[in-house]
Amino acid sequence: MSDTDPDIEVVETEAPPPPVGAPPCFREMVALALKTTDTAVLDAAEQDYRGVFGSIDDFISNQLGEHLPAHLQWLPACCDPETLRIGYERGLVKLWTIGLANGRVIVFESLRERVTNKADARRADEKYTCDAEE
């Protein structure tokens, strides 16, 4: 090593794959959206991951649809999306998203207590891209 080369040790570790259905660069996108590298915050966000949807309203409709009988599947489409969201969250959870370049969103569902204690867990409206689209 020369006098001008910094003495840096690079330690490579193998990260587990992103959650099922998440974009390949999921962890990088979460770190950018939350503006943190705190592993506790990033691990909590990964646990709160719910999937990639067309919108947060699509996520809520999907969740409600899982509990409705077949003859009532039309019901969420007749409801005001904002009212559905308020009812879904009920002050107990906070839905937040990370926007994707293709217009879809990564949806997270965090316990309200954890959200109010973590200033970084907020809605990320910025668009992030990665090398491989889903």
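Which residues does Tyr49 touch, not counting residues up to four places away in sequence? The list is Pro19, Val20, Gly21, Ala22, Phe26, Ile106, Val107 and Phe108. Touching here is contact, meaning heavy atoms within 4.5 Å.

Ground rules. This is a predicted model: local features need pLDDT of at least 70, side-chain atom pairs count only at pLDDT 80 or more, and totals for chains, interfaces and linings use all residues. Residues are numbered from 1 along each chain as its sequence is written, and side-chain values use heavy atoms, with hydrogens and water left out.

Confidence next. pLDDT is the predictor's confidence in each residue, from 0 to 100. The protein averages 83, and 81% of the residues score at least 70. Strand E1 has the highest confidence, at 97. Strand E4, residues 124-128, has the lowest, at a mean of 42. Over residues 116-129 pLDDT stays under 50, and the model has 30 contacts beyond four places in sequence for that stretch.

Now the layout. I count five helices and four strands. These are DSSP runs, numbered from the N terminus: helices are H or I with at least four residues, strands are E with at least two. The order from the N terminus is α-α-β-α-α-β-β-α-β. Take contacts between residues at least 6 apart in sequence: 62% of them join residues at least 24 apart.

On to burial. Buried means under 20% relative accessible area, exposed means over 50%, and partly exposed lies in between, with a 1.4 Å probe and protein chains only. Of the 134 residues, 36% count as buried.

Back to Tyr49, and the core. A nonpolar core is a set of buried Ala, Val, Leu, Ile, Met, Phe, Trp, Tyr and Cys residues joined through side-chain atoms within 4.5 Å. The largest one has 18 residues. Tyr49 is among those that touch the most other members, along with Phe26, Val30, Ile98, Ile106 and Phe108. At least two residues each come from H1, H2, E1 (49-53), E2 (93-100) and E3 (105-111). H1 gives the most, six residues. Apart from this core lies another, of ten residues, including Ile56, Val93, Val105 and Val107. In soluble globular proteins, nonpolar side chains tend to be buried together.

Stay with H1 for a moment. Leu34 sits in that helix. Leu34 counts as buried because its relative accessibility is 1%. Its C-alpha atom is 9.5 Å from that of Ile98, 64 residues away along the chain.

Next, the backbone. Most residues other than glycine have a negative phi. Lys35 has a positive one, near 55°. Lys35 is in the loop between H1 and H2, and it is exposed, at 54% relative accessible area. Arg90 also has a positive phi, about 45°. Arg90 is in the loop between H4 (81-89) and E2. It is exposed at 59%.

Last, the pocket. A pocket is an open set of points on a 1 Å grid over the protein atoms alone, where a 1.4 Å probe fits, with protein on both sides within 12 Å along at least five of seven lines; lining residues have an atom within 4 Å of a point. The largest pocket is about 190 Å³. Its lining includes Phe26, Val30, Leu42 and Glu46. H1 (26-34) and H2 (39-48) are the elements giving two or more residues. The largest share, four residues, is from H2.

Methods:
Grid points are joined across faces, edges and corners, and a volume is the space filled by probe spheres set on the points.
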